[in-house]
Amino acid sequence: MDDPVTPRATAPGPRRRDRHGRGMRGPIAPPQVPLAASRADAFADLVQDSVERLERRWPQLADIDFLVLEVPRLDGPGRVWNDEAVPLGGTVPAREGRPARVVVYRRPVEIRTKGRDERAALVHEVVVEQVAELLGLTPETVDPRYGED
């Protein structure tokens, strides 16, 4: 009992097998199928689809940056929490050599929708409203089908 058992030295580098001997886990689906896309990627695709739909009618949208953020940031000057609803999107006007930006907030939109079709419709509404605000137009002018759903 005087001989202590020394633990095996672990080799540096990647593990070749998991502890049950079945191999390392890999992706569930190949990268080319929709299942492999993350929720954030799928949401960004919805925004891009909406922008492409509007760009056919409004080519000047190519000069606007469209961004997806997780949640709205309320840490700027004059921004405080209040009883109003959480915004689903926002705009940043062009200034100092920067293009105008339209921002869509992913988590507030996802919370308000149940399925992909409903989410796609709400994303399009938000994009249309923000583009209309940026261009100084009504949403119906930007997209004649706005509000029909």
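Let's start at Glu-129, which touches Pro-139 and Tyr-146, leaving aside residues up to four places away in sequence; contact here means heavy atoms within 4.5 Å. Glu-129 sits in helix 3 (residues 116-135), where helices are DSSP runs of H or I with at least four residues, numbered from the N terminus. Its C-alpha atom is separated by 8.4 Å from that of Val-142, 13 residues apart along the chain.

A word on the model: it is predicted, so local features need pLDDT of at least 70 and side-chain atom pairs count only at pLDDT 80 or more, while totals for chains, interfaces and linings use all residues. Residues are numbered from 1 along each chain as its sequence is written, and side-chain values use heavy atoms, with hydrogens and water left out.

Now to the charged pairs. The whole structure holds 4 salt bridges, each a side-chain nitrogen of Lys or Arg within 4 Å of a carboxyl oxygen of Asp or Glu. One of them joins Arg-53 to Asp-143, with the closest N and O atoms 3.7 Å apart. Arg-53 lies in helix 1 and Asp-143 in the segment after helix 4 (139-142), so this pair ties together parts that are 90 residues apart in sequence.

Next, look at helix 2 (residues 106-111), which holds both Arg-106 and Glu-110, 4 residues apart, about one turn of the helix. Their salt bridge has its closest N and O atoms 2.9 Å apart. Arg-107 also forms a salt bridge with Glu-110, at 2.8 Å between the closest N and O atoms. Together with Glu-70, Arg-106, Arg-107 and Glu-110 are linked in a network of salt bridges.

Definitions and conventions. Helices (H or I, at least four residues) and strands (E, at least two) are DSSP runs, numbered from the N terminus.
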